[in-house]
Amino acid sequence: MSGLFQLLGLGSGSLAAAQYAQATAGNNVANAATPGFSRRRVTLVEAPPIRLPVGAVGTGVLAAGLARLREGLLDTQWRLDSEDLQFASARARVLEQVGALFGPADTTALGTALNRFFDALGDLAGRPEDLSVRAVVLTEAQAVASAFGLLRDQVESVEQDVSATVADRVAEVNGLSARIAALNGDLTLHPDDASLADERDRLIDRLAELIGVRAATREDGTVQVLVNGTGIQLVDGLRAAVVSTSGTPIGGAVSLAIDGMTLGEVGGEIGGLLSLRNSTTEGLPWALDRIDEMARGLIAGVNREHASGSGLALASSWTATEIVTDPAAALDTAGLWHLPVAGTLALGVFDGAGTMVSSSSVAIDPATMSLDDLAAALDALPDLSASVTGGRLVLSTANPAHRLAFGQDSSDILVALGINGLFTGTDAHTLAASPALLASPSLVATARADLTAGRVSPGDASAASAMAALRASTFLGSGQTPAQFLGTLGGDIGAAARSAAGRVETLETVVRVVDEQRQAISGVNVDEELAEMVRYQRAYEASARFIRTVDDMIGALMDIL
Amino acid sequence: MTMRVTSASLMHQALEAMRRGQVALARTQGQIATGRRLQSPSDDPAGHAAAIRLQARVDATVQFARQARQAQSDLGAYDALLERVTQVLGRAQEIAVIGADASKGPAERQAMSLEVDHLLEDLVATTSARNDLRYLLGGQETLAPPLQVTRDPGGRITAATWNPAGVDGAIMLEVAEGVSVQTNIGGSSVLGADTDPTFAPQVLIDLRDALAASDGEAVRATLEPLATVARRLAGPRAAAGGRLALIERTLAALDTEESGARAALSAVLDADIGRLATELNQQEMVYQASLHAAARAIQPTLLEFLR
């Protein structure tokens, strides 16, 4: 009798096993689309047999546990490749965004503004006497200034976006680390909990995408997460490190630190963003530098021609726009934005009727001469007075009714100090049309004063022609015209964006292949699960039938009683 | 062993194929809609740089052509002036020839003297001819009247001098890269230097005074200087003609250069619509095929067959 009841136990055991298996298959189907889910299988083992004289008789089946189908090696591979993919993809996004600021090629705001500015200068060369043409030149100069300002602002706002995104992603990293540490704790208590293990793996995957990590499983079942390439721990057992960012949204560099230790170059999305945020050879600071370099070159180039020119009217006094912080220091070392060279500056003083009163010149050696020395030397010239006020050179005629004209300036001192320039400013932000000229367009220099014959002719357009000719002159950067400089800048950024996009495409394929391999092991195939369900349904039905048969057998025995 | 294909990866692949199809379609569609091959510098970095350079060249050429036409109109303004001076001096020569005739009496010569005075006034008036803002004969001193005259109490011109600041300053205008053209004609090349004995106003003053004094010899003495004055006009005419011809040639060259640069720009920038339309068709087909394939692969499950 006891043997028969044992058979009932066997039957109910196999019913339970089929139920477990069915539940597992159902759970697999339910999670077919859950990210990071690893399919599971009930591990069925034969229950320990009873040793009888006839031999070892089986006692049924046992659901020994749930196997989580996952391959650690593929996880590692996927994380390495995803780190690279996210690195390249973040770069491609940002570079494309910056590149778009320079396109479309034929109508870039700055390119158009520059072309119209040079057109206006060409018109001025044809009609130097015409005040309306002068006004147009100044308007176009303002348009150039605002195009430079806009471009720089736009690149800066990308830089700001990147800094903000880095901060967001770092916060995400910290959240992930804390959760992984917590899961480490939970998993030491419930080592067999497949869903907790899945969750932890999913979080580590995300960390790999964000910053690039390596995970190592300890004997106690916890994982240790290291930032790839640094050996610095993000998570160790129950402890999660906190990553902090330092730096300003715009300018300087943004850096990462973990518990006070500086993180060098990291990977993943954060690494990609930081590489562009900080690099002065290819990133956003580089682009901003190039824009500033172009603005500086344009200011110097245009002002060099303008400073030694004269307008329809002459001013009696000029105040430098650039401040020299130490007027007693040699001009070479006084921190000027544009370095003057050894040379001479010629000046002429005219009376109200346009007759020259006197002409003179001063030799300038920036290595030995300070701003104070320069002011003294100019002050000593006939009919001129010069002083330094608040770091600015003020140069005027001794007689207020007289007018001042500049001749040849081979020292570039007027450009450096910001005197008689068409533009003021020293970079893309500060570049502006000279307020003095805007207030009085007849001061726009078109002619070259003839200090030998003592006249300034209204019909002379040599200075205007020289400025107009800058369009085709290779005076920017390492010998480039403005269009070449602008084209190369946009082209360089475009090329970087293109190569990053190419890398993204390659890595997407690599990651997809690894992911497919990973899915081949861990992923859920609904059809497969359905087949499993049918199998266990049948097994369940058979077990039920077995129980009924045993019941019948017991009934037959009962009938005998 | 064949690889396990899972439902998620099937779905993923189908979505990926659709995404790729859509990206390609959107790109081609964008190029066709804007007519531009270059949508962003990364589409063709070298092309982007070339396009900016070419656009600057087109603009520079257009501006040079504008300046060349300005030079043309500036030089053209001298036509009427030179014509008028020629007529004045021609008439003065006729009068001088008649006045030098010994048979002419004082009354006739007096009348001729009056006509020469009108001619002199006419000549002085021509020197203040202006083109827009500029005195044509003022050299670089374009805003000051080039000729200053002294009159006696009767209002008759007794002497004339050029603007002491000079009337011969050349006004140069660049009409092509490195090609500058003088767009003005100096006062003294038309009427002579005011220190010259053949200074046109002075010769007319002499003629007028000789006729007024009925001095036949003195009238005859003006014939030679008058001829020199008239011959001198050939110089500026020829110079202006030469420069105008140079400008014509420059304009033609600029035209060629502009169309060349525009063609190059268009080759870099513009989309080949025909080719793109074909590409769009192909991409559409690929996209539709991927949709069909996805529909087939995703739909069926074992469930439908378990009845």
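This note covers pockets and aromatic contacts in a predicted model.

1. Ground rules. Residues are numbered from 1 along each chain as its sequence is written, chains are lettered from A and ligands numbered from 1 in the order in which they are written. In this predicted model local features need pLDDT of at least 70, side-chain atom pairs count only at pLDDT 80 or more, and totals for chains, interfaces and linings use all residues, while side-chain values use heavy atoms, with hydrogens and water left out.

2. The largest pocket. Its space is about 890 Å³. A pocket is an open set of points on a 1 Å grid over the protein atoms alone, where a 1.4 Å probe fits, with protein on both sides within 12 Å along at least five of seven lines; lining residues have an atom within 4 Å of a point. The volume is the space filled by probe spheres set on the points, which are joined across faces, edges and corners. There are 37 lining residues, and the closest to the centre are Ala32(A), Ala33(A), Gln519(A), Ala8(B) and Ser9(B).

3. Who builds it? H1(B) gives the most to this lining, with seven residues. Helices here are DSSP runs (H or I, at least four residues), and strands are too (E, at least two), numbered from the N terminus. The lining of the largest pocket holds 14 nonpolar, 13 polar and 10 charged residues. Nonpolar means Ala, Val, Leu, Ile, Met, Phe, Trp, Tyr, Cys and Pro; charged means Asp, Glu, Lys and Arg; the others, Gly among them, are polar.

4. The second largest pocket. Here the space is about 760 Å³. Of its 19 lining residues, Ala501(A), Gly502(A), Glu505(A), Val23(B) and Arg27(B) are the closest to the centre. H12(A) gives the most to this lining, with seven residues.

5. Aromatic pairs. The count over all chains is three. Rings of Phe, Tyr and Trp (its six-membered ring) pair if their centres lie within 6.5 Å; planes under 30 degrees apart are stacked, over 60 edge-to-face, the rest tilted. Phe117(A) and Phe118(A) have ring centres 5.5 Å apart and planes at 55°, so they are tilted. Both are buried (under 20% relative accessible area, 1.4 Å probe, protein chains only; exposed is over 50%, partly exposed in between). Trp162(B) and Phe199(B) have centres 5.7 Å apart and planes at 65°, so that pair is edge-to-face.

6. Charge over ring. Arg518(A) lies over the face of Trp78(A), 4.5 Å from the ring centre. The rule: NZ of Lys or CZ of Arg within 6 Å of the ring centre and within 35 degrees of the ring normal.
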